[in-house]
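Colleague: I would like to learn how to read domains, helix packing, sheets and a chain interface in a model of this kind. Please take the general idea before each case.

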Amino acid sequence: MSTSYLIKNVSVLGGEPTDLLLKDGVVHEGADEAGAEVIDATGLIALPGLVDLHTHLREPGREDAETVESGTRAAAMGGFTAVHAMANTEPVADTAGVVEQVWRLGREAGYCDVYPVGAVTVGLGGQQLAELGAMADSAARVRVFSDDGKCVSDAVLMRRALEYVKAFDGVVAQHAQEPRLTEGAQMNEGPLSGRLGLAGWPAVAEEAIIARDVLLADHVGSRLHVCHVSTAGSVELIRWAKGKGVDVTAEACPHHLLLTDDLAATYDPVYKVNPPLRSAADAEALRAGLADGTIDIVATDHAPHPHEDKDCEWAAAAFGMLGLETALSIVQQTMVDRGLLDWAGVADRMSHAPARIGRVADHGRPIAAGEPANIVLYDPAATRVVDPAESQSLSRNTPYRGMELPGRVVATFLRGRATVLDGKLQ
Amino acid sequence: MKRHLLSAADLSRDDAELVLRTAAELRELADRPIKKLPALRGRTVVNLFFEDSTRTRISFEAAAKRLSADVINFAAKGSSLSKGESLKDTALTLEAMGADAVVVRHGASGAPHRLAHSGWVRSSVVNAGDGTHEHPTQALLDAFTMSRHLGTGPKGSLDGRRVAIVGDVLHSRVARSNALLLNTLGAEVTLVAPPTLFPVGVESWPVEISYDLDAVIPKADAVMMLRVQRERMSGGFFPTAREYSRRYGLDGRRMATLQDHTIVMHPGPMVRGMEITADVADADRSVIVEQVTNGVAVRMAVLYLLLGGSEPAVGGEE
């Protein structure tokens, strides 16, 4: 007998207060119910459960950094009910066997639905297509394919991948990074990289691949998704492609919306990420692109790393930062509090749209009678100081340590079951 | 002065002039039969070298020993880049040994900064060259050398002096530190290199830039040639060594266009025949060997000022 929850006085997407009944995994509007656990949600906002299209769960292979269980616990704490687990595990998720394993681990953990992303090429090697169809037909029903961490830089291979996944309505999510232009790259290429003596990662290395890929997608009539867009020029290119009718979608990461490359001057690798933190003008262009829909979604690129891979000199450190537990707060701070996006917009960028791109049926649905009860309750008036030790992740590499962020996830419901309640993992 | 010397930007004009003045006092020691002072007796200086650099290490070692410090040379084979012992663990080891100053050379830009600011060690950190970032004591010894030859007034001021720094600016920690320090000291710096060997954003540095060596050097008071590693060719930064030498090398023909008082410098090690020809390196106006001598005095001054105290380094004579 599962618990039902009567959520009273909740503001759905920031609208007028109402009551929601979550029962048998489904939403019932305004209903009353004897025996339901009552949650006073006065002042809280209800959003559809968040969907992350870009999460590194590290399992199999790097269970010292994160496991499917720990990563999905962090996801639930961040208000997510579904995450897409990137393929750059060890072994790489390039076969039906590996994606089914990750999918099954997610089901067993039960904090969040896990949708494995399949590798585009065998071993992320960029040489030969992986068995994309087998992954699509597996129990994991893979629809998103990515060599994330590496770029599918070979134009012919990218073209074939874009074409091939049409057979099962898949999408190729490109990590746009021209490899020759970024050999040894450490940070955004600009005046600061020159001063700090850190090898530059130029914006053109991202933009050149995006330009090529939107033209390829147009040419073969496929859909393309661009991971972690980080530059103003990329936003401009995607805006142009969409205007031309190319079936392209794009994501921005919370850290690129908020943080800028001047943090590299600390030489603290907690700020080392790929693509790198960019200029303030780039961050502003990303926020504008996210506001006007050029950038379709926010994706976390949650990238856990063990302490020793960050507690070292910059060049030796791993790329990546945690993101699941802070994403909604960063979006509130950078977008909602600045008047760039309302809560309906947040629901679109962090739930509806990513679910649509990932072809996930039961997530990203409206909060309405009869819909699956995947819901997050969020207190936008709260504030908190980020303490890495409180993270559910096995890793501690958050760039927001000590920062005061707005908002707090009060509860997360996955098919009507609370994974987080009163701000505590259940 | 700050507690660490990580970048030439850490030095105010007053700081830099104090180092140069102190170095000048200490330089006199080199001409005495007994070259040793008791200033740092009982203090421990660790030379932590993750990269081979015999000349810089022995320069720091001589400097510390002439101030009577105990010197520990720690040649750390491999860094965490090559999965050796991590920088952090090495630092903790040195801390446990009671180092008062750590002189660090590392292949990764910012490694001395990490050492100084991660809470791993309490000692002063001196950057002896980090990656393609900085080499502040080299800049100090270069400024000291220039000041001796070109300085005006009682302080040996470099105000308005023109310095051309020529070569692989992109990968040069010497160029970065010199550009910053010489600017602080009032000199006018022009960096000369092919466009491929300038970093992006060099326009924001406090220097002039030029692609034309012949146009720059007749006006220069000092010409500093930077080493150009042959492996840069394979990176496609320039077509051939011969073309590089023709356009950016300092040879006898170019030397003839210099003013009479103009000095030629090189931080070493030189690649004779590449960026500098033998006749130029060995010419009277070349101060390359003197730079080495001055390096010891400047490093003594740096160690003394970071570790020592307010007392004059060479005392009791007036």
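What follows is a walk through those features in turn.

Modeller: This is a predicted model, in which local features need pLDDT of at least 70 and side-chain atom pairs count only at pLDDT 80 or more, while totals for chains, interfaces and linings use all residues. Residues are numbered from 1 along each chain as its sequence is written, and chains are lettered from A and ligands numbered from 1 in the order in which they are written.

Colleague: Which domains does the assignment give for chain A?

Modeller: Domain bounds come from an automatic or database domain assignment. For chain A the assignment gives domain 1 as 5-45 + 371-425 and domain 2 as 50-358. The C-alpha centres of domain 1 of chain A and domain 2 of chain A lie 26 Å apart. Their contact takes 27 residues from domain 1 of chain A and 38 residues from domain 2 of chain A, where two residues are in contact if their C-beta atoms, placed from the backbone, lie within 7 Å.

Colleague: Which elements give two or more residues to the domain 1 side of that contact?

Modeller: Elements are DSSP runs, numbered from the N terminus: helices are H or I with at least four residues, strands are E with at least two. On the side of domain 1 of chain A that touches domain 2 of chain A, the elements giving two or more residues are β16 (375-385), β17 (404-414) and β18 (417-421) of chain A. β17(A) gives the most to that side, with six residues. By type, the residues of that side divide into 15 nonpolar, eleven polar and one charged; Ala, Val, Leu, Ile, Met, Phe, Trp, Tyr, Cys and Pro count as nonpolar, Asp, Glu, Lys and Arg as charged, and the others, Gly among them, as polar.

Colleague: How are β17(A) and β18(A) joined?

Modeller: Two strands pair if DSSP finds at least two bridges between them. β17(A) and β18(A) run antiparallel and are joined by three bridges, with A:Leu414 opposite A:Arg417 in β18(A). The two strands form a hairpin with two residues between them, and A:Arg415 in the turn has a positive phi of about 50 degrees. Next, β18(A) pairs with strand β19 (residues 424-425) of chain A in the antiparallel sense over two bridges. A:Leu421 has A:Lys424 in β19(A) as its bridge partner. β18(A) and β19(A) also form a hairpin with two residues between them, where A:Asp422 in the turn has a positive phi of about 55 degrees.

Colleague: What is the strand order in the open sheet of three strands?

Modeller: In a regular strand the side chains alternate between the two faces of the sheet. Here the order is β6-β7-β8 (chain A), with parallel pairing. β6 (50-55) and β8 (113-116) of chain A are at the edges with a single partner strand each, so one side of each has no neighbour in the sheet. The twist averages 20 degrees from one strand to the next. Four bridges pair β6(A) in the parallel sense with strand β7 (residues 80-85) of chain A, and A:Leu50 stands opposite A:Phe80 in β7(A). α2(A) packs on the sheet, touching β7 and β8 of chain A, and its direction makes about 170 degrees with that of β8(A). Helix α11 (residues 343-358) of chain A lies across β6, β7 and β8 of chain A, at about 55 degrees to β6(A).

Colleague: Which residues make the contact of α1(A) with α2(A)?

Modeller: A:Val68, A:Glu69 and A:Thr72 of α1(A) make the contact with A:Val102, A:Leu105, A:Gly106 and A:Ala109 of α2(A). They divide into four nonpolar, two polar and one charged.

Colleague: How many residues does each chain give to the contact of chain B with chain A?

Modeller: Chain B gives 24 residues and chain A gives 17 residues. The largest share of the side of chain B that touches chain A, three residues, comes from α4(B).

How values were computed:
Axes fitted to C-alpha atoms, helices over the stretch in contact; angles between N-to-C directions.
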